[in-house]
Amino acid sequence: PAWLGERRRLAAGMTAALAVLILSWTVTGEIAAATGNISISRSAARTLRHPFTWVDSVVHGTPVLYMGQGETDPNPENLVEFWNRSIVTVSSLDGTVGGPGPSGGPNLTRNGTLTWGTQYDFAVEDWPCVDFVGVQRAEHDYSAGGTTRTWRLLELAQPNRLRSMCTGLYADGWTGPNDAAYFRFPEGKPGWLRVFISRRNRPGPSDPSPVHLLVGKLVIDANSQPVLGRVATTIDLTIDTGQTKVCWIRTPSARFAAHVVVDKKFVPGNGDVRTVGAEASITFFAQRPSGTPSTCT
C-alpha cells in the first residue's frame, strides 16, 4: 500500500484493470449460467412438450388425480404436476411415483374400484398400463425412456375404478426383473388378448429364452392388490435376439389376469444397468381382427 500510495497513476490503472477483469469474469459466469439454464429448459420442454398446461386448460381448477406405472424417470411426472396446478394427488400402481406432494398406491376391489377415501372427477392416466373407466377429454404425448408415450385425461366414472392395468413394464416397454402382468376387471363376454413379445431392439443372450404366457382368474390378495389365481391357459414359446412374436389368446368372460414370464433375463450394458427380459405389450380386444391367427406367429 505504501509503495502504491507513491504511485497513484499506477494504482489507478491497476484498479481499473482489476475492475474490468472482475466485471468480465462475472459477465462470463452469468452468460455461462444463463446458457446452462436455457439448455436445461429446452430439454425439459422436449420432455413435457407444448402445451405445458394442457390439463388445467380443460379442468379449470377441478382437482385431478395422476396415476402412473413403471416411472423410473420422475421428470415427466414432476413437470406435468408443476405446470398443472389442478393435479393435487399423484400415485402409481407399482409404487414408482413418490411425489412431490401426497402419493402412494391405491387399494383395489375385484371390480377395479379404488378404495381410498377421496373420489376424483378427473384423472391423468399413464396410458396404456393405466386404463380408468370414464370419458376421455384430452391426450398429450411426452418423452420417456427414449420413446414417445401418452397421457390421457379422463372424466372419471363414480366411484373411481380401473378397467384394466398392467405392471412390470419399463417406460420403453421392456419387462423388468419381476416380469409383466395384466389385469382386466370388468365382467362380460369372452374376448382376445394380443401379446407382443420382442427382442428386436437390443442384443440379448447368445441363446433363446423360454417365455411363458399365463392367463387365469383374477383375485385380490391380502394387500388389496390384484394377482393371478388359478391358471386356465398356458402358452410356452421362445424368443431370440432380433425376433418378434405375436400371440392371440382367448380370454374368459369373467375378470382375468395374465402374466408374461421371461426366463433368461439380462443386463443390456452400455450404461443401461437394468435387468430386462423382453419388449412386451398386452392389449385386450373384444373381437379378434379378421386375418389374424389364433395362435403365436
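Let me begin with conventions, since the model is predicted: local features need pLDDT of at least 70, side-chain atom pairs count only at pLDDT 80 or more, and totals for chains, interfaces and linings use all residues. Residues are numbered from 1 along each chain as its sequence is written, and side-chain values use heavy atoms, with hydrogens and water left out.

I will start with the sheet. Helices and strands here are DSSP runs, numbered from the N terminus, where a helix is H or I with at least four residues and a strand is E with at least two. Two strands are taken as paired if DSSP finds at least two bridges between them. On that basis five strands make up an open sheet, which reads β2-β1-β3-β6-β5 in order and has mixed pairing. At the edges sit β2, residues 87-92, and β5, residues 134-144, each of which pairs on one side only. From one strand to the next the twist averages 20°, where axes are lines fitted to C-alpha atoms, for helices over the stretch in contact, and angles run from 0 to 180 degrees between N-to-C directions.

Where does β3 find its bridges? Strand β1, residues 64-68, runs parallel to β3 and is joined to it by four bridges; Val-64 has Phe-122 as its bridge partner in β3, and Leu-65 has Ala-123. Between β3 and β6 there are six bridges, and these two strands run antiparallel, with Trp-127 standing opposite Thr-150 in β6. Five of the six residues of β3 are buried, so this strand is largely enclosed by the rest of the structure; buried means under 20% relative accessible area, exposed means over 50%, and partly exposed lies in between, with a 1.4 Å probe and protein chains only. As background for anyone looking at the side chains, in a regular strand they alternate between the two faces of the sheet.

Helix α4, residues 75-83, lies across β1, β2, β5 and β6 (147-156), and runs at about 160° to β2. Contact in this setting means heavy atoms within 4.5 Å.

Now to the disulfides, each being a pair of cysteine sulfur atoms within 2.5 Å. By this rule the count comes to two, and, with bonded cysteines counted along the chain, the pattern is 1-2, 3-4.

One of them joins Cys-129 to Cys-166, with an S to S distance of 1.7 Å. Cys-129 lies in the loop between β3 (122-127) and β4 (130-132), whereas Cys-166 belongs to strand β7 (residues 162-167), so the pair ties together parts that are 37 residues apart in sequence. The link of Cys-129 and Cys-166 is left-handed, with -105° about the S-S bond. Cys-129 counts as buried at 5% relative accessibility, and Cys-166 likewise counts as buried, at 6%.

The other disulfide is formed by Cys-247 and Cys-296, whose sulfur atoms are 1.9 Å apart. Here Cys-247 lies in strand β12 (residues 244-251) and Cys-296 in the segment after β14 (279-285), so the parts tied together are 49 residues apart in sequence. What is the handedness of the link between Cys-247 and Cys-296? The torsion about their S-S bond is about 115°, so the disulfide is right-handed. Cys-247 counts as buried at 0% relative accessibility, while Cys-296, at 29%, counts as partly exposed.

Trp-127 and Pro-128 are joined by a cis peptide bond with omega about 5°, and Pro-128 is placed in the loop between β3 and β4. A cis bond also runs from Gln-158 to Pro-159, with omega near -5°, and Pro-159 lies in the loop between β6 and β7.

Two non-glycine residues have positive phi, namely Asp-179, near 65°, and Asn-270, near 55°. Asp-179 is in the loop between β7 and β8 (180-184), and at 13% relative accessibility Asp-179 counts as buried. Asn-270 is in the loop between β13 (256-262) and β14. Is Asn-270 buried or exposed? At 87% relative accessibility, Asn-270 counts as exposed.
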